[in-house]
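Reader: Could you walk me through this one? I'm new to reading structures, so please spell out the terms as we go.

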Amino acid sequence: MGEKNYIKPIITKQKTVFYGKFGKATTTNILEKIDGIFITELVEKFGSPLFVISEKTLRRSIQRANRTFKTRYPKFQFSWSYKTNYLDAVCLVFHEEGSWAEVVSEFEYDKAKRLGVPGNKIIFNGPHKPESALMKAINDGAFIHIDHYDELYFLIELTERLKIDAKVAIRINMDTGIYPKWDRFGFNYESGEAYDAIKRILISKHLQIKGLHCHIGTYILSTDSYKIAASKMTYLYKRIKDEFNYQLDYIDLGGGFASKNTLHAQYLDSSIVVPSLEEYADAITSGIFEYNLKEDELPLLFLETGRALVDEAGFLISTVVANKRLSNGKQAIIVDAGVNLLFTSFWYKHKVSVTEDYGDVQDDSVIYGNLCMNIDILRDGVFLPPIPPGKQIVFHNVGAYNMTQWLQFINPRPAVVMITNEGVAELIREKETLDYIVQLERIPEKQKMK
Ligand SMILES: Cc1ncc(COP(=O)(O)O)c(C=O)c1O
């Protein structure tokens, strides 16, 4: 054994901290910069509150996910779930990285088309697709995922009336051990309903069934459930080939992988309980490989992963408005962003950071928003030092569902900035203004006359 390398000693300041119920030391996260730009500088330039997307983190997570699946399975394609975050700049990053678009409404369909996604790279899900949307999808050669019998019969009638072909798949719900089952969408597997719907499509004149789709739920921690879903879907895919000599092209396993957030109800931290992408990928591919299909018989595998790809790239910067003590002595901090902007705070204990070291004394704190509503709690049970008004608190892992489900309520919605790979902070959605908000309002004639 050779001589050991000399390692310079380092003195680390020990912090006095409170111990939680389980003996875990609590420390305050300090985050001065996002991708090299000072948070204070971002607020000075774009205001507070402010959503920030890190292009670097986003691309890294898409590329890693692509690599993970493509190394395990030869035919693989991501389709970006628009409802998770449909800001143009975010969708463009996904499309540049090779993702198709997965949409669930005519609005999302039009948004994808407007961004230049060709119809034959759009997957159209959802329980309500109006005739005008179906016509666009049929004419563009998009993949229409049928949700229920009424939609199926309407499509049969429409395509026969117009004598045009439509590319379709059916959404399937099934028991994968996740309860409650998401059986309000699609056709049921175990009862034979899905099989019957497929038979009905196979004898239709103008519907060309291309694939099978399922989405077993969201924030799914069980990789076994994905293995069951992949296995059931592949079994059906093979059965259609064996019994009808009809070759489907794909199976689509939807989304649902958990992101790095911790749920309120979760006892352990997400870093302990959330499976890695590799574990999800191993489970899915082993479910498909159960049937020993030859390479040319294997289905193309689609995934519509949403939150697990975008959450980490999103930050919400807020500014402290005031501090107070509640009647029970608990420290309360009021910030200038509310739950209308951070919808996911109803489900998650979002990680929070401050931008400076405010000393060693921390207290069990609740962070309230600025809404004048009792429900406006952004984070509870977090140990924080007293933070002076005017200073920032940053919420992490907010990239999914907040910038689509946000409500304009009491205040205009804030700006969104993307920090590009080149380290430039670019505005990707402007802060709303009073004029923007009232532009669709109209005053009745009699009120105008006054
Ligand atoms: C059909 C479909 N695909 C994909 C997704 C994305 O799910 P997640 O963000 O959990 O990955 C959803 C979300 O509910 C969905 O309904």
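Reader: How many residues lie between β14 and β15 in their hairpin?
Author: This is a predicted model, in which local features need pLDDT of at least 70, side-chain atom pairs count only at pLDDT 80 or more, and totals for chains, interfaces and linings use all residues. Residues are numbered from 1 along each chain as its sequence is written. The hairpin of β14 and β15 has 5 residues between the strands, and Gly329 in the turn has a positive phi of about 90°. Strands here are DSSP runs of E with at least two residues, and helices are runs of H or I with at least four, numbered from the N terminus.

Reader: And how do β14 and β15 pair?
Author: They pair in the antiparallel sense over 5 bridges, where pairing requires that DSSP finds at least two bridges between two strands. Ala322 has Ile334 in β15 as its bridge partner. β14 also runs antiparallel to β19 (residues 392–395), joined by 4 bridges, and there Leu316 stands opposite Phe395.

Reader: Switching topic, which residues of α4 are buried?
Author: In α4 (residues 106–114), Glu108, Tyr109 and Ala112 are buried, meaning that 20 or more other C-beta atoms, placed from the backbone, lie within 10 Å of a residue's own, whereas 12 or fewer makes it exposed and anything in between partly exposed.

Reader: Why are they on the same side of α4?
Author: Because they cover an arc of only 105° around the axis, the arc being that of the directions from the helix axis to the C-beta atoms. The face turned away from the buried side carries the exposed residues Phe107 and Arg114.
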